[in-house]
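Morning, everyone. Please have the sequence and the model open side by side. I'll keep this short.

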Amino acid sequence: MIADSTKFELTDKLKENINSILHAHDYDYTQIVGILLDTQQEIPQHYIPKIVAYYIAEKLPKVQLSTIYDCITFYDALSDKPRGRYPIEVCDSIACKVNNNEFLIDTLRRLLNIDFDTVTYDGKFTLEKVSCFGACDVAPAVKINGTVYGHLDSEEKIRDLLQKFI
């Protein structure tokens, strides 16, 4: 299992990276979602640990900690729990359902030997069901670290995709 968020260390390097992100967003509290997304990308397990949420709240005086957690719990792309190095977001929209995303879901579950919201034994993958991310034209599709991969309608295509990350 991946390290618990209570054991996460906020290093000087990570603080520096977060400060750069805040600067890039002009310390504008209205850009909190972008700040959190950029910060999450700096953490190998793609999540916002409690200590990082506190740090951002300290640096953005107009943002309360509860606002940060409201964003984290509202947006599928954000998480307060450790994820795999490569979160696999499976589109669960109507378009994907019509285009047989159940085959995609079943194949990913079997090949990775995990269910939704769990992490593979090696910490590489997390499988997440999300709402539409705008890839209806290539359904069934997944998004991995921000990149959309579509037309995943055969086990061979799915295996080939996973191999890119192994």
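This is a predicted model: local features need pLDDT of at least 70, side-chain atom pairs count only at pLDDT 80 or more; totals for chains, interfaces and linings use all residues.

Helices first. How do we describe a packed pair? Two packed helices are described by the angle between their axes and the distance between those axes. Now take helix α1, residues 12–24, and helix α3, residues 50–59. Their packing angle is about 45°. Their axes lie 11 Å apart. With that angle, α1 and α3 are therefore oblique to each other. The crossing of α1 past α3 is right-handed.

Which residues make the contact? From α1 come Leu 14, Lys 15, Ile 18, Asn 19 and Leu 22. From α3 come Val 52, Tyr 55, Ile 56 and Lys 59. Sort the residues of this contact by type, and you get 6 nonpolar, 1 polar and 2 charged.

Next, the loop between α1 and α2, where α2 spans 32–41. Find His 25 there. Is His 25 buried or exposed? Its relative accessibility is 13%, so His 25 counts as buried. The cut-off for buried is under 20%. What does His 25 touch, leaving aside neighbours within four places in sequence? The contacts are Gln 31, Gly 34, Ile 35 and Asp 38.

Now the strands. Start with β1, residues 86–91. Strand β1 runs parallel to β2, and 6 bridges join the two. Let's pick out some partners. Pro 87 has Thr 126 in β2 as its bridge partner. Glu 89 stands opposite Glu 128, also in β2.

Strand β1 pairs with β3 too, and β3 covers residues 142–144. This pairing is antiparallel, with 3 bridges. Here Val 90 has Val 142 in β3 as its bridge partner.

Keep one general point in mind as you look at the side chains. In a regular strand they alternate between the two faces of the sheet.

How covered are these strands? In β1, 5 of the 6 residues are buried, and the strand is mostly covered. Turn to β2, residues 125–130. Why do we call β2 largely enclosed by the rest of the structure? Because 5 of its 6 residues are buried.

To recap: α1 and α3 are oblique to each other, His 25 counts as buried, and β1 pairs with β2 and with β3. That's my part done.

Methods:
Residues are numbered from 1 along each chain as its sequence is written. Side-chain values use heavy atoms; hydrogens and water are left out. Buried means under 20% relative accessible area, exposed over 50%, partly exposed in between (1.4 Å probe, protein chains only). Helices (H or I, at least four residues) and strands (E, at least two) are DSSP runs, numbered from the N terminus. Two strands pair if DSSP finds at least two bridges between them. Axes are lines fitted to C-alpha atoms, for helices over the stretch in contact, and angles run from 0 to 180 degrees between N-to-C directions. Angles under 35 degrees count as roughly parallel, over 145 as roughly antiparallel, 65 to 115 as roughly perpendicular and the rest as oblique. A crossing is left-handed if the near helix is turned anticlockwise from the far one by less than a right angle, and right-handed if clockwise. Contact means heavy atoms within 4.5 Å. Ala, Val, Leu, Ile, Met, Phe, Trp, Tyr, Cys and Pro count as nonpolar, Asp, Glu, Lys and Arg as charged, and the others, Gly among them, as polar.
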